[in-house]
Amino acid sequence: MVFHHVNRFNDRVSPNGTATFFRSQAQSNVTHMMRVFDFMKHVGANPIVKAIDMMEDDYSCLEELFQKTLEEYEQRCTTLNRLADEAKAQKDSTTLHFLQDMGKEQQQDGVLLKTLAAEIHNAKCAGLCPEQTDRHLLDIVNYQHH
């Protein structure tokens, strides 16, 4: 997951806006996963989590970091859509409604992620330094959360 690599990036540049966003995203992802676990247990399943292989990616700029985050976001959305299609094919309305709710929450997370990625790209094109870009991101994140 990208979040594990954010710390190394943050140590180099100390971006408060980026750190605030990723902290919020990590909390949201944990909440989503707990909801999935709770749902699975409620329907009688026994969820098992396996360790994931850690990536050795190293990001030299905010744009690279957010691009990788967008890729992971798209992967989660694709997985949710596939699961929803399977639930629909199985006529499992309980699971389908749960997955649709999860998908809506993912879409909300994605709006902010895509906005920040676009702002980073625009800032880079405008020649803003990383610190200026990060302050702008912090303003957007703070505005979004209020």
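Helices (H or I, at least four residues) and strands (E, at least two) are DSSP runs, numbered from the N terminus. The model is predicted, so local features need pLDDT of at least 70 and side-chain atom pairs pLDDT 80 or more, while totals for chains, interfaces and linings use all residues. Numbering starts from 1 along each chain as its sequence is written, and side-chain values use heavy atoms, without hydrogens and water.

**Exercise 1. Describe the pattern of the chain.**
Step 1: count the elements; there are 5 helices and 0 strands.
Step 2: read along the sequence, which gives α-α-α-α-α.

**Exercise 2. Find how much of the chain is buried.**
Step 1: take the cut-offs: buried is under 20% relative accessible area, exposed over 50% (1.4 Å probe, protein chains only).
Step 2: apply them to the 146 residues; 34% count as buried.

**Exercise 3. Work out how helix 5 sits in the model.**
Step 1: check its length. Helix 5 covers residues 130–144 and reaches 21 Å from first to last C-alpha, close to the 21 Å expected; the expected span is 1.5 Å times one less than the number of residues.
Step 2: list the buried residues of helix 5: Thr133, Asp134, Leu137, Ile140 and Val141. They lie on the same side of helix 5 because their arc around the axis is only 120°, taken from the directions from the helix axis to the C-beta atoms.
Step 3: turn to the other side of helix 5, where Arg135, Asp139 and Tyr143 are exposed.
Step 4: look for the cover. Helix 2 (16–42), helix 3 (62–89) and helix 4 (93–126) are among what covers the buried residues of helix 5.

Terms used: Contact means heavy atoms within 4.5 Å.
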